[in-house]
Amino acid sequence: MKKVLLIKYGEIALRKGNRSIFEKKLASTIQNLINDSNIKTTREQGRLLVENINGDIDADAVIEKIRRIFGIAAICISYKLDDAALSNLQKAALMTLTEDKTTFKIETKRSDKRYPMQSQEISAAIGEYILNQRSNITVDVHNPQVIVWIEIRNYAYVYTDIIKCESGLPYGSTGKGLLLLSGGIDSPVAGYLMARRGMEIIPIYFHSPPYTSERAKDKVIDLMECLCRFIGPSPLYVVPFTETQLYIYENMQSEKMTLFLKRAMFHIASIIAEKEKAHCLITGDSIGQVASQTAHSIAAVDSASNFAVLRPLAAMDKQQIINTAKQIGTYEISILPYEDCCTIFVPKHPEHKPNAKAVASLEAKNIALPKLFSKAAEQIEPVQCPSTN
């Protein structure tokens with residue numbers, strides 16, 4: 001008997017023909033982050049098993065490394081039994097109950113149907129054994145202080161401690177998306193949510209010096225470092241946007257300024273996405289939040305992209321977005337008072353219901369724009385963002 005980590009992966013269990021692909025991807029991610037040749041991650045029946053080949057695992061140290069991995073629903077600090085005889089299960093279950101616990105419940109899952117006892121029979125036999133060994137403890141099936149979990153798979157596992165994790169799908173298992181990352185509250189949350197759905201994200205930030213300061217760029221780098229806690233080290237691509245932005249400001253209709261700026265970003269992002277072999281763009285738009293995020297405005301902007309545009313915040317209200325930002329640690333950074341390139345050039349009276357075809361037609365008349373888009377995409381600056389604790 002030794003201490004191991006039993007990994008529950010939730011949604012992956014619902015996959016059918018390609019379930020093994022997701023299991024292998026998750027196991028590989030766990031193994032790479034642990035980065036210890038003595039610790040092995042293997043596929044168990046309906047679970048993943050993380051164990052030290054030389055003995056008990058240092059649970060706290062390993063959990064700290066892997067608890068933010070997308071795809072892990074829960075981590076169970078468990079005893080692994082090579083021999084699943086009832087007497088061994090009983091002794092292991094008793095070991096998990098500290099003296100301060102006075103009520104308990106046994107829950108058994110028998111995935112190995114060859115085991116000679118039914119789940120309820122196993123639970124009853126273990127519960128009876130504990131009651132005989134401890135005079136100060138009783139069974140409470142409705143509101144116990146502790147639940148002792150018994151899982152009989154290829155091996156037997158006994159545990160009480162369950163650490164809830166991020167769940168979702170393994171990072172990079174569902175494609176690649178280019179994230180338009182600003183210094184605001186919304187776009188970091190959008191990136192987090194799409195990464196949680198298994199999408200590898202490539203973040204780009206549009207920087208417009210001297211209209212935006214280096215502090216504004218540093219703020220976005222800090223936001224990206226927060227995201228890297230979940231996805232691992234990743235570069236942030238800083239796009240020089242001043243020349244394009246000034247041209248639009250001087251040559252385009254002021255009430256449509258935000259639309260033209262967003263279309264310019266989509267044009268440039270599409271060029272970068274093609275080079276990076278991405279499958280879509282990702283933005284932090286929430287329907288109706290501001291003038292540029294009405295259905296009419298979104299329609300007027302989307303035609304500038306050669307890729308599908310995913311908007312994971314589309315149906316969320318601001319408070320929901322803020323709650324998620326606080327949960328992932330980006331909110332306090334996002335509210336720092338450093339303006340991004342959009343807020344400085346916002347028109348006083350933006351158009352709320354633009355005509356998509358008219359906007360595209362007006363843009364097409366400015367033959368200088370495509371060269372500006374290509375130039376900006378070619379001059380991107382990669383900034384490596386390490387993960388933070």
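Visitor: In which strand does Asn-52 lie?

Guide: Helices (H or I, at least four residues) and strands (E, at least two) are DSSP runs, numbered from the N terminus. Asn-52 belongs to strand β3, residues 47–52. Please note that this is a predicted model, in which local features need pLDDT of at least 70 and side-chain atom pairs count only at pLDDT 80 or more, while totals for chains, interfaces and linings use all residues. Residues are numbered from 1 along each chain as its sequence is written, and side-chain values use heavy atoms, with hydrogens and water left out.

Visitor: Is Asn-52 buried or exposed?

Guide: Buried means under 20% relative accessible area, exposed over 50%, and partly exposed in between (1.4 Å probe, protein chains only). Asn-52 is buried because its relative accessibility is 16%.

Visitor: Which backbone nitrogen does the side chain of Asn-52 reach, and with which residues is Asn-52 in contact?

Guide: A polar contact is a pair of N or O atoms within 3.5 Å; within protein, one must be able to donate a hydrogen and the other to accept it, and residues adjacent in sequence count only if both atoms are side-chain atoms. Here the Asn-52 side chain reaches the backbone nitrogen of Asn-54 at 2.8 Å. Contact in general means heavy atoms within 4.5 Å. Setting aside neighbours within four places in sequence, Asn-52 is in contact with Lys-2, Asn-38, Ile-39 and Ile-57.

Visitor: How many bridges join β4 to strand β8?

Guide: Two strands pair if DSSP finds at least two bridges between them. Eight bridges join β4 to β8 (residues 156–164), and these strands run antiparallel; Ser-78, for instance, has Tyr-159 in β8 as its bridge partner. Strand β1 (residues 2–8) also pairs with β4 in the antiparallel sense, over seven bridges, and there Leu-5 is partnered by Ile-77. Strand β4 itself, residues 74–81, is mostly covered, with seven of its eight residues buried.

Visitor: How many disulfides does a search of the whole structure find?

Guide: A disulfide is a covalent bond between the sulfur atoms of two cysteines. The criterion is a pair of cysteine sulfur atoms within 2.5 Å, and the search finds zero. Cys-76 is buried at a relative accessible area of 0%, and Cys-280 is buried at 4%.

Visitor: Which residues of helix α7 are buried, and why do they line one face?

Guide: An α-helix has 3.6 residues a turn, so residues three or four places apart point the same way. In α7 (residues 242–251), the buried residues are Thr-242, Thr-244, Gln-245 and Ile-248. They line one face because, seen down the axis, they fall within an arc of 165°, an arc taken over the directions from the helix axis to the C-beta atoms.

Visitor: How many aromatic pairs does the structure hold?

Guide: Rings of Phe, Tyr and Trp (its six-membered ring) pair if their centres lie within 6.5 Å; planes under 30 degrees apart count as stacked, over 60 as edge-to-face and the rest as tilted. The structure holds four such pairs. Tyr-192 and Phe-230 are edge-to-face, because their ring centres are 5.2 Å apart and their planes stand at 70°. This pair links distant parts of the chain, with Tyr-192 in helix α5 and Phe-230 in helix α6 (residues 214–231), 38 residues apart. Both Tyr-192 and Phe-230 are buried, and together with Phe-70 they form one aromatic cluster.
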